Amino acid sequence: MQLDNNTESIEISKDRIAFLRTTLKNQFLALKEDFNRQPNTSRLFKQHCKFIDQLLVELWSDLQIDPACCLIAVGGYGRGELFPYSDIDLLVLIPTKPQENRALNQSIENLIGLMWDLGLNIGHSVRNLDECISEAQKDITVQTNVLESRLLSGNVAMYQDFLANISKNLSPIDFLKAKLTEQELRHSKFNDTAYNLEPNLKESPGGLRDLHMIIWIARSLQVKNKQYATSNVWTALAKDQIISVAESRRIRHHEKKLQLLRTHLHFLSSRREDRLLFDFQNDLAATLGYTNTSRRRASEQLMQSYYRSVKFIELMNEIVLKLLEEIIVATPPAIRVINDKFEARNDLLEARTANLLQQNPSAIFEAFLLLQQHPELSGMGATLLRTLQRVRPLVNKDFRHNAINKKTFIDILSQPSGVNRALRAMNRYGILGSYIPAFGKIVGQMQHDLFHVYTVDEHILNVLANLRRFAKPELKHEFPLCSQIFAEFDAPHLLYLAALFHDIAKGRGGDHSTLGTVDAFKFCKLHHLPKADCTLVSWLVEAHLKMSSVAQKTDLSDPSVIESFAGFVENKRRLNALYLLTVADIRGTSPVVWNAWKARLLENLYSATNHALSDPGFHAKQTIQRRIKEASDKLIRFGLSSHAYEPLWVQFGEHYFVRHESDEIAWHSRLLTPHLYSETPIVRARLSPHGDGIQVMIYIKDKSDLFARICNFFDRMGYGIVEAKIFTTQHDYALNSFIILDQSGKSVSYSGLLKFIELELANQLDDLYQLESPLKGRVSRQVKHMPIQAQITITKEAENNNHRLEIIANDRPGLLATLAQQFLKYNIKLHNAKINTLGNRAEDTFLISDQNGECLDFNRANALQMALLDEI
């Protein structure tokens, strides 16, 4: 092809391309086989970079690129750290602007195109020197990439000029500030936690990128001062006594561990995959030699090892960056004395004497207390943090039994502010797990379910953080009732202790609530709390699941349920504490588990129980009478006199008023008074007055397949049922009420949708429409790799002929409709349903009997149980 300057484009023959492609493939397979035989990331990086370097140099030569240009490796490839499927980052440095030389432009396009043809994952830029400097000044990513450059081929003099100009135009202070901001933003994308169940090995807090941060900041000093020229930055940092030799070794150990995981992950997935997805955790654990035990899966052991590595990397990232910042800023620190032991240096807490913590271990807790009492301090200084790591073994049995330390720990929990910050720091620096050994055992421990998306220790600290949010007046709009109750609670530190211990026995085998209760009581007693406080904390740990279970699995409109729960909590102080802990606990499991429906259920249970405890003469009949009076008053405001709706209420019967709140009664009565003996289905939908979804009422002559038809309809709409009240009137009409949410857990509605539900669902209930088979939705990727063992229990209710059917299973589209069709097949009558979804886990409760309202005999109950197990 002839170009403007009469320079012809060089063509590479198809045979040559085929040969190079085959060579590349064979070398990659050899690389993989060698790694599988003897996993060694250092050797892999060296071999991988070597044959990619050779290939690129050959291509550069074959295409006879202008000798005035340079081919430069940048980024991870420039650093010599090329993972199997990572991008190969290249900079083509040219003497002129790209658009000024069409022939050069064409030859470089041919080069890049050929690289792609060979199957290389290329990330490239083509710039002249001025553009490199300009882009580096505008974009910190560009500046970082060129900081890790290697010349592959081309003009050596121009490359040296490139390095000199980059050095001249780089400000280590500005670079540091920009990279710290970049790190904060990156961490925030992962909710500032390394402890998600599917973490990103590269980008998550504590991942490889946090180590790269140290390397980049150190090399920004190299550019200015010619330090850290060696490829082993950790050895250089130790030589300059910025870190110790032991720290250097530990950093390299954990770096190698993450590099090994990432390499295996690339090979397992056959792509550039940096997330430790459930899909790969089992295979990865097996590859690395982990095996299942009676208590813990191999994948859980792998992940706990990973979490402990990233915990150390997070710590070293914090310490070393603070030390490098001191070197880069290089100004005398602003020192302010805090007390006889500690001082503030540039608003960071430091010990006034080098051996303070060794000579006086109690100062360890005092340091955390001072951070709370002095909010102007931004944290601990690097020297204090390093000392803290060295003296951590001093937090032992003697330390735990020291009266001063016990008092200081309770003081930390009792401060008006900074409790969450202090405990998170204590966990991050390994002090909390040393002081409470049971807590140390659950650091980095996975929870083998899909609604706890954090490790056990991270979940516990999230619960504590949620409790602290209730304490802040500026956040009272989030949970007004919780904020009000918290403000009136006399001992918040007891709530924090309950939060610390509520899941501390996870993974031991047995009931974690019972085991944790023992730990909590011993801890409180050791810290000389009053007996009543010890009892409250241990009771909260034992009962921490009770309120959510009652709220989500029972009929809260039944006054006997409230009466029973009031008897369980016994007094208002316990009720307040349990309500606060329950809300904080559910919100701390996952960003998506909490919703308005659960909030309303808990608030309704709290309010009703509070009323029952406040009224010594409380009993079910009073509640029912009050409901009837409230509903009558509402109907009067709509212009309905009692004689208009009385025939309806007669047919509803007394039990209707046990099952429904006054607002529902008024809504039903207003709409159904003219349609008592309707021959056609009456379907009405509205936005729930409580803001927790869409409320749908269905009134129709009872039919056996009604529930199955309704479930099918909502499934196909993409809406999930979260609550179902199934009621049959005395004149054999079904009056069913549902609350539905879209499958994402949010309720988005508008009038057109409500009309659609009313018209289309009424049509679907007509016998002319054949009952459809349930949807067979695909099980989610996560569920496939973390399945839940289905559990089905059927127990007889003591006070009536009904049975309680409880189901725990993997959630999937069509699950509820599948259950409904089994009820139809076994001639089961459904009285009530509570549908509770926790992530990908379904926990559904149904109240059932036979079609005549009689109890099921043993054989029939057993047959139903087996059939449901087969289906789910």
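Which residue meets the side chain of arginine 37 in a salt bridge? In this predicted model, the partner is aspartate 34, at 3.5 Å from N to O. Both residues sit in helix H1 (residues 14–37), three residues apart, about one turn of the helix. Aspartate 34 also forms a salt bridge with arginine 43.

The structure holds 47 salt bridges.

| Pair | N to O distance |
|---|---|
| Arginine 37 – aspartate 34 | 3.5 Å |
| Arginine 43 – aspartate 34 | 3.1 Å |
| Lysine 829 – aspartate 702 | 3.4 Å |

Lysine 829 lies in strand S15 (residues 828–838), and aspartate 702 in the loop between strand S10 (694–701) and helix H35 (706–717), so this pair ties together parts that are 127 residues apart in sequence.

Arginine 37 is exposed at 63% relative accessible area. Arginine 43 is partly exposed at 25%, as is aspartate 702 at 28%. Aspartate 34 is buried at 17%, and lysine 829 is buried at 14%. Elsewhere, Arg79, Glu81, Glu148 and Arg219 are linked in a network of salt bridges.

The largest nonpolar core has 196 residues. Leu56 and Tyr77 are among the members that touch the most others. Helix H13 (residues 298–329) supplies the largest share of this core, 16 residues. A second, separate core of 48 residues includes Ala708, Met717, Ala762 and Phe846.

Strand S16 (residues 841–850) is mostly covered, with 10 of its 10 residues buried. Strand S14 (residues 803–810) pairs with S16 in the antiparallel sense over eight bridges. Alanine 809 has alanine 842 in S16 as its bridge partner.

Note on methods: Residues numbered from 1 in each chain as written. Predicted model: local features only at pLDDT ≥ 70, side-chain atom pairs only at ≥ 80, totals over all residues. Heavy atoms only, no water. Buried < 20%, exposed > 50% of the residue type's maximum accessible area, 1.4 Å probe, protein only. Helix = DSSP H or I, 4+ residues; strand = E, 2+ residues; numbered from the N terminus. Pairing = 2+ DSSP bridges. Core = buried A, V, L, I, M, F, W, Y, C linked by side-chain atoms within 4.5 Å. Salt bridge = Lys/Arg side-chain N within 4 Å of Asp/Glu carboxyl O.
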